[in-house]
Structures are given as C-alpha cells and as structure tokens.
Amino acid sequence: MGFEVLLKGNNLERLLLGLLVALRISLISVVISIVLGVIVGSLMTLKNKVIKAVTRLYLEFVRIMPQMVLLFLVYFGTTKALGINMSAETASIIVFSLWGTAEMSDLVRGALTSIPVIQYESSAALGMTMTDTYIHIIIPQIIRRMIPQSINLITRMIKTTSLVMMIGIVEVLKVGQQIIEANRKSSPNAAFGIFLTIFILYFIVCWSISLVSKYLEKKWAA
C-alpha cells in the first residue's frame, strides 16, 4: 500500500514539517484577511459611489483571476518588473491575503446589510450611541451569521496552499512528491500511501476547525 515509506528515515517528520509550512502561510493569511476584510467590507456598505466601484472592482478581479496566476504574477512578475527581492513565502501570503480579504469583505458586507434598519433606529431611540449599538447589537449578530461561511473560507485557504509548491515552497505536497520520487524503485506503491496520508492530515486540520465552528455556533445560539 506504500505506507512503509513513511517509516523510512524521517519521511513522516518531513511530511509534518511540510504541513506546518502550509499551515503557517494559510493562518497568517487568514488573520490578515479577517482584519482587512472587516475594513473593506464596512467600506462596501457606504453610499459613496467611488468607494463602492473600487471595492467591487477589487472583489471581481480577485474572484475571476485564478490563485495560481496571481502567485506567478506576484512572485515572478513583480520581482522582475520592480526589482523587488521577495521570498516565495512572502509572495504566497500576499496572494492569499488578497484573495481572503476579497472573500471576507463580501461576507462582512452581506452580514451588515442583512441587519434590519429598525435595529439601528430602535437602539438610537433607547439612547444608545452608535458604538454601543455595534458592540452590543450589530457585531454579535454579524459574528453568528458569518461563522459558517468564514470557516468554509478558512478551510478553502488551507487546502489551496498546496499551490505554493508551484513557486518553489517545500510544503507538504511537495515533500510528498519528493518522497515518492526517492522511493519509486523500492516502493512502487508509495504514491498511494503518501497521498492518502496527506489527505488524512488535511482532513484532521479542517475537521478540527469545523468542530470549533460548531461549538461556537451552539454556544452563541444558547
């Protein structure tokens, strides 16, 4: 089945270290995306036509452009065109942050616009300031509504980090290919065992995040 390859040398340790590389890139990108997504999403709800046009153009551009093309554009194109010395990991974080910010901002925009206007008016009638209204009424509702979609976005970002191998980053999928190539003659079935192991590793990570999401949904729904 090819699982015996994992027991040779430090192959299993290499896979786990490769997974950590992928998780580091994705989690840094997720944090940046959440912060910038809240800001951009809030701007998208403004009535300013220029801001709306710019944010919509940004959102559509990132959605239409494949992540792999963006990776090549930022890593190879930017470094050569502008003469910037950029590491592959930095380029990956920039690309995934741009993508995550666009998706997160649309979630924030949708959550904000779904709040009935009467809630703002009622809080104002009760003498609450706009800050109190957001802290005690608006934000708790937004968080509850955004959790499922946000978790879906986070897991997508984690899985899509496998693309970074295309610009030379040695993450879990790249390590798996290296192990398969090194054991092609001695273990012809190594590909099955290695890729199944990678699948299980990604499943454990994404499933754990999903469990946290379900826990938070039940806690806040109570």
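Buried residues have under 20% relative accessible area, exposed residues over 50%, and partly exposed residues lie in between, judged with a 1.4 Å probe and protein chains only. By that rule I34, at 37% relative accessibility, counts as partly exposed.

The model is predicted, so local features need pLDDT of at least 70 and side-chain atom pairs count only at pLDDT 80 or more, while totals for chains, interfaces and linings use all residues. Residues are numbered from 1 along each chain as its sequence is written, and side-chain values use heavy atoms, with hydrogens and water left out.

## Pockets

I34 is found in helix α1, where helices are DSSP runs (H or I, at least four residues) numbered from the N terminus. The C-alpha atoms of I34 and S97 are 9.0 Å apart, although the two residues are separated by 63 residues in sequence.

The largest pocket has a volume of about 270 Å³. I34 belongs to the residues closest to the centre of this pocket, together with I143, M146, I147 and S150, out of 15 lining residues. A pocket is here an open set of points on a 1 Å grid over the protein atoms alone, where a 1.4 Å probe fits and protein lies on both sides within 12 Å along at least five of seven lines; lining residues have an atom within 4 Å of a point. Grid points are joined across faces, edges and corners, and the volume is the space filled by probe spheres set on the points.

At least two lining residues of the largest pocket come from each of α1, α4 (88–113), α6 (130–160) and α8 (190–221), and the largest share, seven residues, is supplied by α6. By class, 13 residues of this lining are nonpolar, two are polar and none is charged. In this classification Ala, Val, Leu, Ile, Met, Phe, Trp, Tyr, Cys and Pro count as nonpolar, Asp, Glu, Lys and Arg as charged, and the others, Gly among them, as polar.

The second largest pocket holds about 220 Å³ of space, and its lining is made of S42, T45, L46, L112, T113, I115, Y120 and Y134. Five of these lining residues are nonpolar and three are polar, with no charged residue.

## Nonpolar surface

L46, which lines the second largest pocket, also belongs to a nonpolar surface patch of about 610 Å², made with I28, V31, I32, V35, L36, I39 and L43. Such patches are made of residues with over 30% relative accessible area and no salt bridge, nonpolar side chains (Val, Leu, Ile, Met, Phe, Trp, Tyr) being joined within 5 Å and like charges within 9 Å. The accessible areas come from the Shrake-Rupley method with a 1.4 Å probe, and for residues only the protein chains shown count as cover. L43 lies in helix α1 (residues 11–44) and counts as partly exposed because its relative accessibility is 32%.

## Salt bridges

The structure holds six salt bridges, each defined by a side-chain nitrogen of Lys or Arg within 4 Å of a carboxyl oxygen of Asp or Glu.

| Pair | N to O distance |
|---|---|
| E89 and R24 | 2.9 Å |
| R63 and D106 | 2.6 Å |
| R109 and D106 | 3.0 Å |

E89 forms its salt bridge with R24, and this pair links distant parts of the chain, with E89 in helix α4 and R24 in helix α1, 65 residues apart. E89 counts as partly exposed at 24% relative accessibility, and R24 is likewise partly exposed, with a relative accessible area of 38%.

The side chains of R63 and D106 meet in a salt bridge, which joins helix α2 (residues 49–64), holding R63, to helix α4, holding D106, across 43 residues. R63 is partly exposed, with a relative accessible area of 37%, whereas D106 counts as buried because its relative accessibility is 13%.

D106 also pairs with R109, and both residues lie in helix α4, three residues apart, about one turn of the helix. R109 is partly exposed, with a relative accessible area of 25%. R63, D106 and R109 are linked with E103 in a network of salt bridges.

R145, in helix α6, is partly exposed at a relative accessible area of 35%; R145 and G110 are 35 residues apart in sequence, with 9.4 Å from C-alpha to C-alpha. E217, in helix α8, is partly exposed at 34%; E217 and P148 are 69 residues apart in sequence and 8.5 Å apart in space, C-alpha to C-alpha.
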